[in-house]
Amino acid sequence: MSQRRKEILRELGLTPIWRRRGDNALSEPAPSTLTIDQSVPVVNATITATNDREAQISRMDWAQLKAAVAGCTACPLCQSRTQTVFGVGDEQADWLFIGEGPGAKEDEIGEPFVGQAGKLLDNMLRAIQLQRGDRVYITNIVKCRPPNNRNPEPSEAEQCHPYLARQIVLIKPKLIVALGKIAAQNLLHTNESIANLRGKLHYYSDIPLIVTYHPAYLLRSLAEKAKAWEDLCFAKATMQSLLTQ
């Protein structure tokens, strides 16, 4: 093979060039180059395992789902949790409120929104004639507390999503209220700010979804409570229209 032809093949990315043993041109590439093809079955096996897990979760009833969440080790959050925080409320609720993840108190007790943010959420519910457990279900994007109350990582939310998706299917809510940016962005698969997501009707799998501030944020930003009240009024009006359809 001419030197010019070898240069052209190299420019086109068509090297290394295989030659029979004993040829004087190029020798076989180092054995390490063969490991590229060997990685393909591993990737395929991972995809298959992920699909199998999601398929299994999608067929679970309430008891099976709760047991699966309680024993989950799919992401590193399992290593630091006290217990999982599955969700609480009416399992045939019209209203589904979804936050981002458990805090320290939730991790200790095993129920979402039980600290100061939980008290504020209860007050928000009462303001639109609702109460925890009556036509209302409350849960989070992830079921284990992130260390130091940090935001859940995308990979952590991804591992937990099949559980949440199954909860939504079993509950069949008429309306979802996303509490905070993390919940909204994960449910809507967007990087939009909460300011751009508020005041609009979105959809999660054909279920109407409204975005508002997380109660913990409202505790730090009292001036935003008026906007949260607007969101709750919007949610109530939306629910009334859904019930009359």
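A residue is called buried at under 20% relative accessible area, exposed at over 50% and partly exposed in between, using a 1.4 Å probe and protein chains only. The model is predicted, with local features needing pLDDT of at least 70, side-chain atom pairs counting only at pLDDT 80 or more, and totals for chains, interfaces and linings using all residues. Residues are numbered from 1 along each chain as its sequence is written, and side-chain values use heavy atoms, leaving out hydrogens and water.

Most residues other than glycine have a negative phi. N149, however, has a positive phi near 60°. N149 sits in the loop between β3 (136–140) and α6 (154–171), where helices (H or I, at least four residues) and strands (E, at least two) are DSSP runs numbered from the N terminus. With a relative accessible area of 43%, N149 is partly exposed. D206 also has a positive phi, near 70°, and belongs to the loop between β5 (202–204) and β6 (207–212). D206 is exposed, at 73% relative accessibility.

Attention now turns to the largest pocket. Its lining consists of 26 residues, and E100, H214, A216, Y217 and R220 lie nearest its centre. A pocket here is an open set of points on a 1 Å grid over the protein atoms alone, where a 1.4 Å probe fits, with protein on both sides within 12 Å along at least five of seven lines; lining residues have an atom within 4 Å of a point. At least two lining residues come from each of α4 (104–109), α5 (116–127), α7 (181–188) and α9 (215–220).
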